[in-house]
Amino acid sequence: MFADTQRGANASATLFCIMLSYRANSVEPYAYLRQVLMELPQREEGCDVSVLLPCSNTIVQ
């Protein structure tokens, strides 16, 4: 309804899914994003980043 393009709708849906994932896993969004965005540049290209997902117990919540 609020997206003017297909790409805008996809971006909105992705953002909403991520936010609901935070809520479902009792993760504070700002702290989570801050930690993930600090850790991503330190990882090698192509490495497994599944430990950075909100449902992972390795992220500080």
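View 1. The partners are R43 and E39, whose side chains meet at 3.2 Å, N to O; a salt bridge here is a side-chain nitrogen of Lys or Arg within 4 Å of a carboxyl oxygen of Asp or Glu. R43 has 29% relative accessibility and therefore counts as partly exposed. E39, at 23%, is likewise partly exposed. The classes are buried for under 20% relative accessible area, exposed for over 50% and partly exposed in between, with a 1.4 Å probe and protein chains only.

A word on the model before the next views. This is a predicted model, in which local features need pLDDT of at least 70 and side-chain atom pairs count only at pLDDT 80 or more, while totals for chains, interfaces and linings use all residues. Residues are numbered from 1 along each chain as its sequence is written, and side-chain values use heavy atoms, with hydrogens and water left out.

**View 2. The whole protein chain has 2 helices and 0 strands**. Both kinds of element are DSSP runs numbered from the N terminus: helices are H or I with at least four residues, strands are E with at least two. Of the 61 residues in the chain, 15% count as buried. The accessible surface comes to about 5100 Å², and carbon and sulfur atoms hold 60% of that surface; such areas come from the Shrake-Rupley method with a 1.4 Å probe, and for residues only the protein chains shown count as cover. Take the contacts between residues at least 6 apart in sequence: 32% of them join residues at least 24 apart, where contact means heavy atoms within 4.5 Å.

**View 3. A search of the whole structure turns up 1 aromatic pair**. The ring centres of Y22 and Y32 are 5.0 Å apart and the planes stand at 65°, so the pair is edge-to-face. The pair links distant parts of the chain, with Y22 in helix 1 and Y32 in helix 2, 10 residues apart. For reference, rings of Phe, Tyr and Trp (its six-membered ring) pair if their centres lie within 6.5 Å; planes under 30 degrees apart are stacked, over 60 edge-to-face, and the rest tilted. Y22 is buried because its relative accessibility is 2%, and Y32 is buried with a relative accessible area of 7%.

**View 4. Take a look at S26, in the loop between helix 1 (6-24) and helix 2 (29-39)**. S26 is not a glycine, yet its phi is positive, at about 55°. Most residues other than glycine have a negative phi. With 62% relative accessibility, S26 counts as exposed.

**View 5. L33, L37, L40 and V49 make up a nonpolar patch on the surface**. Patches take residues with over 30% relative accessible area and no salt bridge, joining like charges within 9 Å and nonpolar side chains (Val, Leu, Ile, Met, Phe, Trp, Tyr) within 5 Å. L33 lies in helix 2 and is partly exposed at 39% relative accessibility. L37 is also placed in helix 2, and at 57% L37 counts as exposed. The C-alpha atoms of L37 and L52 are separated by 9.8 Å, the two residues being 15 apart along the chain.

**View 6. How many disulfides does a search of the whole structure find**? The search returns 0, with a disulfide taken as a pair of cysteine sulfur atoms within 2.5 Å. C17 is exposed at 54% relative accessibility, whereas C47 is partly exposed at 29%.
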